[in-house]
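User: I'd like to go through the labels on this model and see what backs each one up. Can you take me through them?

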Amino acid sequence: MVTAVTSFGRSGLYDWLVQRVSAVVMAAYTFFIVGFIFTTPDLTFDVWQGLFNQLWVRIFTLATLLSIAAHAWIGLWAVLTDYLTNRLMGAKATALRLFAQIVLGAVTLTYVVWGVEILWGA
């Protein structure tokens, strides 16, 4: 069995499962936030801050942030592998794909660290 070293999981089934679970988490969070906005008549900064001061909302937001990162990484890996490596072929395509993965991985990591700082920072 061939395993892809640069994918998120150890197999395609694992990646598929991570994408499905992360999509459910993101959908639930979207429904929650949209529902909160529509059911709160006087949405002020204090109300919004009060919502995010609750531990369960922070954990839900963190789970959503990590879900976005995992979902995006698997999707980007699939697209980069398919379109850069398989379409272009050769060592230059592999180098270009690895460069793109490093850059996009750094951007994703930056967003996750930034999001954690926003959620849990002072």
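Predicted model: local features only at pLDDT ≥ 70, side-chain atom pairs only at ≥ 80, totals over all residues.

User: What makes L96, F99, V103, V107, Y111, W114 and I118 a nonpolar surface patch?

Analyst: Those residues make a patch of about 740 Å². Leu, Phe, Val, Tyr, Trp and Ile are on the list of nonpolar side chains that can be joined.

User: Why is Y111 called exposed?

Analyst: Exposed means over 50%, and Y111 has a relative accessible area of 51%, so the label applies. Y111 sits in helix α4, which covers residues 91–120.

User: What makes up the secondary structure of the protein chain?

Analyst: There are 4 helices and 0 strands, and the elements run α-α-α-α from the N terminus.

User: How much of the protein chain counts as buried?

Analyst: Buried residues come to 29% of the 122 residues, the cut-off being under 20% relative accessible area. The accessible surface is about 8,400 Å², and 74% of it belongs to carbon and sulfur atoms.

User: Which residues lie nearest the centre of the largest pocket?

Analyst: F52, T61, G115, I118 and L119 do, out of 17 lining residues. Two or more lining residues come from each of α2 (45–52), α3 (55–88) and α4. The space in the largest pocket is about 380 Å³. I118 turns up in the nonpolar patch too.

Technical notes:
Residues numbered from 1 in each chain as written. Heavy atoms only, no water. Patch = residues over 30% accessible without salt bridge, like charges linked within 9 Å, V, L, I, M, F, W, Y side chains within 5 Å. Areas by Shrake-Rupley, 256 points an atom, 1.4 Å probe, with all protein chains shown as cover. Salt bridge = Lys/Arg side-chain N within 4 Å of Asp/Glu carboxyl O. Buried < 20%, exposed > 50% of the residue type's maximum accessible area, 1.4 Å probe, protein only. 1 Å grid on protein atoms, 1.4 Å probe; cavity = no way out; pocket = protein on both sides within 12 Å on 5 of 7 lines; lining within 4 Å. Points joined across faces, edges and corners; volume = space filled by probe spheres on them.
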